[in-house]
Amino acid sequence: MELTNRSLSSKMDCVSCDELINRNCADSPEVSVPLPPLGKRVTHMEGDDLCRLIDRKFLTEDKKRLCALALGTALVGILLMIIHAEICPYVYEPGSKVSLVINCSISLSTGCLLILIIAFHYKDIRLFIIDHKEVDWRIAITSHRVLVITLELLVCVIHPVGSYWEVDLYANSSSAAPLCISSHHDKGLLDMELLLSMLMFLRLYLVHRAILLHSKVLLSASYRSIGSLNNINFTFRFVLKVLMNKHPARTLLVFILLFWLTASWMLTLCEGQMDTALWLIAITFLTVGYGDVAPKTSCGKGVCLFTGVMGVACTAMLVAIVTEKLALNKGEKHVHFFMMDIQISKRIRHAAANVLRECWLLHRASPAKGSRDEHRRHQRCLLEAIRFRHLRLKQRKLRDYVSEMVDLPKMQMIMCDLSANWNNSYRELEQRILFMEQKLDELTRCFQQTSELLFEVLRHRNPEI
């Protein structure tokens, strides 16, 4: 009866797993499920692992989709905010409802963004449960996760709300870029509207999550398997290092251009005059600071300070990239040092030939045969020709450096060969030890059989024993 129940339960598990596979494959034809080999039955544990693997794959796809939608929604909200801030002082008239409609659209996109953020973290918690073999969902709710979710919701909920009051141009404000705020409100509301508009750019933190989830590094099974063997965490820092290693100039150029445009618009919102803001951001980012233009408001000073800090960091990365691009690779170094060695050898041979020539000329221009001036001149030339010791030192240093470059991979190859030989010797020693153990077992059995035979022979000869 127990065997019948077990077989029925295993069959039901396999049928449910097959139904899940067929349902998932019908939903997404791109997912490939590894099938067991012919003639081999799938156990209950293997079926559970297969179902968990399928669920994990679909949850990862859902996380990617939700992250892309959240980033698109955040960009739409930022774009609506920019349109609201740009056309409000020039197009809107007192009593107009256009700013209210755009602000409602911004609030609607903010609500959608919050829903997408919550759905993303829900999928992340489900993925955590599957990775840890169906643990309780309360275990995934740690204090760090709660803090991260709270901060994300607080960052994404920020958006301008001043247009929900009576719409009019705040003409009495000292700000360079007035927003659509009612005239009976004070300057504090305008400053709050300006601050909320600028803080909406904090939603761009979703860019790093989208890059991480859509990167080829995270999607590649080879990367993940080798990284798990080497205890490498696939975070945005690792993906950014890979991008900077593969495409350093392109990545840095895109970041600098986007930062310039964003900082220039924020400075325009604080100060006004787009062309002046572009020039001020450029000279502040490049740490030039001519002094012809300076920010006047506290908001503009904060933007310029942040721009200067980012300019110093990007300049350091640019110097590192240029240094790496100008450095010679291994083959180029070998060619360069080989040609330098040839040139130094030629100079040494030329100096030796000069020594022989000056010795011969000195011998010919002896004081007895010629003038003393010519003799002294050849002596001076001989002493100068003999002094080529610095060429020898330069050649020795060059060869030492080249030998160090060559010795490192050579030593590595030697160590690999020694390690392989040691492994082979160890295997042979193990085989010999096993063979000796087998022989000892055989000898033990032979001794036991011999002792038994001797005992029987002695018993037959002397029955009294």
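These questions and answers test labels on a predicted model against their cut-offs.

Q: What makes Lys 63 and Asp 124 a salt bridge?
A: The cut-off is 4 Å between a side-chain nitrogen of Lys or Arg and a carboxyl oxygen of Asp or Glu. The N to O distance for Lys 63 and Asp 124 is 3.4 Å, so the pair qualifies. Lys 63 sits in helix 2 (residues 44-91) and Asp 124 in helix 3 (residues 98-131), so the bridge ties together parts 61 residues apart in sequence.

Q: Why is Lys 63 called buried?
A: Buried means under 20% relative accessible area. Lys 63 has 11%, and is therefore buried.

Q: How do you know that Arg 145 and Asp 124 form a salt bridge?
A: Their N to O distance is 3.2 Å. The limit is 4 Å, so the label holds. Arg 145 belongs to helix 5 (residues 143-156) and Asp 124 to helix 3, so this pair joins parts 21 residues apart in sequence.

Q: Is Arg 145 counted as buried or exposed?
A: Its relative accessibility is 17%. The cut-off for buried is under 20%, so Arg 145 counts as buried.

Q: What makes Arg 209 and Glu 152 a salt bridge?
A: The closest N and O atoms are 2.3 Å apart. That falls within 4 Å, so the pair qualifies. Arg 209 is in helix 7 (residues 206-213) and Glu 152 in helix 5, so parts 57 residues apart in sequence are tied together. Both residues are buried.

Q: How many salt bridges does the rule give, and which residues form a network?
A: The count is 5. Asp 62, Arg 65 and Lys 123 are linked in a network of salt bridges.

Q: How do you know that the span of helix 15 is close to the expected one?
A: Helix 15 (residues 372-386) has 15 residues. The expected span is 1.5 Å times one less than that number, which gives the 21 Å expected. The first and last C-alpha atoms are 21 Å apart.

Q: Why are the buried residues of helix 15 placed on the same side?
A: His 375, His 378, Leu 382 and Ala 385 are buried. They cover an arc of only 85° around the axis, so they share one side of helix 15. These buried residues pack against helix 14 (330-364). The face turned away carries the exposed residues Arg 372, Asp 373, Arg 380 and Glu 384.

Q: What is the make-up of residues 419-446, the "coiled-coil region" in UniProt?
A: The feature comes from an unreviewed entry. In the model the span is 100% helix and 0% strand. Its end C-alpha atoms lie 40 Å apart.

Note on methods. Residues are numbered from 1 along each chain as its sequence is written. This is a predicted model: local features need pLDDT of at least 70, side-chain atom pairs count only at pLDDT 80 or more; totals for chains, interfaces and linings use all residues. Side-chain values use heavy atoms; hydrogens and water are left out. Helices (H or I, at least four residues) and strands (E, at least two) are DSSP runs, numbered from the N terminus. Buried means under 20% relative accessible area, exposed over 50%, partly exposed in between (1.4 Å probe, protein chains only). The arc is that of the directions from the helix axis to the C-beta atoms. Contact means heavy atoms within 4.5 Å. UniProt positions are given in the numbering used here, feature names are shortened, and annotations may be inferred rather than shown by experiment.
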